[in-house]
Amino acid sequence: NRRSRIEPIGPYRAGRFERGSAAGVMVASHVLRALARRPVAGSVALAGTSLAVGAVANPDHDGVHFVNRFTEASRAFLPMYFVDYLGHVRRCVGKRDDEEHMWKSRQIMWSGVATRLRELCKKNGGIYVKAGQHICVQPVSPQPFQTILRTLMDSAGVRPFEEDRATFLEDLGVDIEDAFAHIDPTPVASASLAQVYKATTHGGETVAVKIQQRPVARFLAIDLATIDAYYSLLSFLIPGLRFQWLAAETRRHMAEELDFREEAKNAERARALMAKDFDDSTELHVPRVHDTLSGARVLTQEWCDGARIDDKEGLRSRGVDRRELATLVNRIFGRMTFVHGFVHCDPHPGNLLVDSNGRVVLLDHGVYRSLDDETRRTWCKLWRGLIANDDAEMRKAVADLGVDPELSTFFRIVLALVPARVVEDVHGTSTSAVISPGGGGETGG
């Protein structure tokens, strides 16, 4: 009986792993951080860490997985430094003044680092994939990161249906085959934290059943520590890029994303707010939640067909005008940000579908942020100063947000999506040609 071999595990609990290997997590975290700060010394310590962790952790199933996941991270870390980064250093000896050579060498380094990160994310899954997705969608990320890590937006690796069957039974107290008239055991999507199945209710409605992957909660502590070190290492390898804030944000919203009941509440609230501004049948649709078939780790919603917002061929086949679509998406997130102050914080292309009517279908409501009136007013002033190239208003708005007004130029770079360091490194254009001293940016070609 395959079902009996799957150990029960509840939301947010890592079971014996979390209780029995807290010291192992601490050791792993310190070693990984040491590697990020001092790659050579850290790598020596890292060589024996997996063995040490095995001794600290309980010799049970979770402990074995702990060692395996940490070892996989180690195998990715070391080549990033010794192969990719040092290879870049060797290639550039005596050629620092050759901008074209430096640019090509950086592309090789970034491609190597991004490829190793992608393979690690696929192998360990869970929040590793979430971490890779975060880097992929950042406009300040070099192009190789955005291109190579893009596959993580579509597929995160498939896990056995038996695991999801066990999770469904634990959450809802009924076997998944009994809860639905039919369910396809092959997932239609495998995301960073969950898999999605297509099913039919006993009432004949087609629905999407999202089930949280079991290893996510089990290995949360060590995975967060490892990913934190990854971001530190990437920041070391790529001067000018700082990903540590992403690690902090990942920690902040993981509790929200791991409770699908919160996602259901967010979806209902977003639907109610946006219904005041957009036609549900032609402009914006938030899938309905089936509360009786949902729980902390299971979310059942109506099934919605559509093309991803970045699928040019899919949009063309549906007769969607991309300019009109861009205007609609701008309006949607503009209303969220500046009017309602309840903002969807994971709007990557996989979460924005477009149906045959040109209607946007907004998915994945796990992470939202609420903005108070004063913050929204200040944000408006910041944008007004940017558009009007008003340095005084920009500086005041930045100061009102609690940031050093000397960083107002940085806000210009970010808001205009023209990150100076990336433009300089990727396109070979000097920073001074991209951002003028007193105001708005203009590309140098």
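Analyst: Thr200 has Thr206, in E4, as its bridge partner. The two strands concerned are E3 (residues 194–200) and E4, joined by 7 bridges and running antiparallel. Strands here are DSSP runs of E, at least two residues long, and helices are runs of H or I of at least four, numbered from the N terminus. Two strands count as paired if DSSP finds at least two bridges between them.

This is a predicted model, in which local features need pLDDT of at least 70, side-chain atom pairs count only at pLDDT 80 or more, and totals for chains, interfaces and linings use all residues. Residues are numbered from 1 along each chain as its sequence is written, and side-chain values use heavy atoms, with hydrogens and water left out.

E3 and E4 make a hairpin, with 5 residues between them. Gly204 sits in that turn and has a positive phi of about 95 degrees.

Strand E6 (residues 298–302) pairs with E4 over 5 bridges, in the antiparallel sense. Within this pairing, Lys210 stands opposite Leu299 of E6. E4 (residues 206–212) is mostly covered, with 6 of its 7 residues buried. Buried means under 20% relative accessible area, exposed over 50%, and partly exposed in between (1.4 Å probe, protein chains only).

Now the open sheet. It has 4 strands in the order E5-E10-E9-E7, and the pairing is mixed. E5 (284–285) and E7 (307–308) stand at the edges with a single partner strand each, so one side of each has no neighbour in the sheet. Helix H16 (residues 322–340) packs on this sheet and touches E5, E9 and E10 (360–362). Contact means heavy atoms within 4.5 Å. The direction of H16 makes about 40 degrees with that of E10. Axes are lines fitted to C-alpha atoms, for helices over the stretch in contact, and angles run from 0 to 180 degrees between N-to-C directions.

E7 and E9 pair antiparallel over 2 bridges. There, Ala307 has Val354 in E9 as its bridge partner.

Pro349 lies in the loop between strand E8 (342–344) and strand E9 (352–354). Pro349 counts as partly exposed because its relative accessibility is 23%. Leaving aside residues up to four places away in sequence, Pro349 touches Arg308, Ile309 and Asp310. From Pro349 to Asp311 is 38 residues in sequence and 8.8 Å in space, C-alpha to C-alpha.
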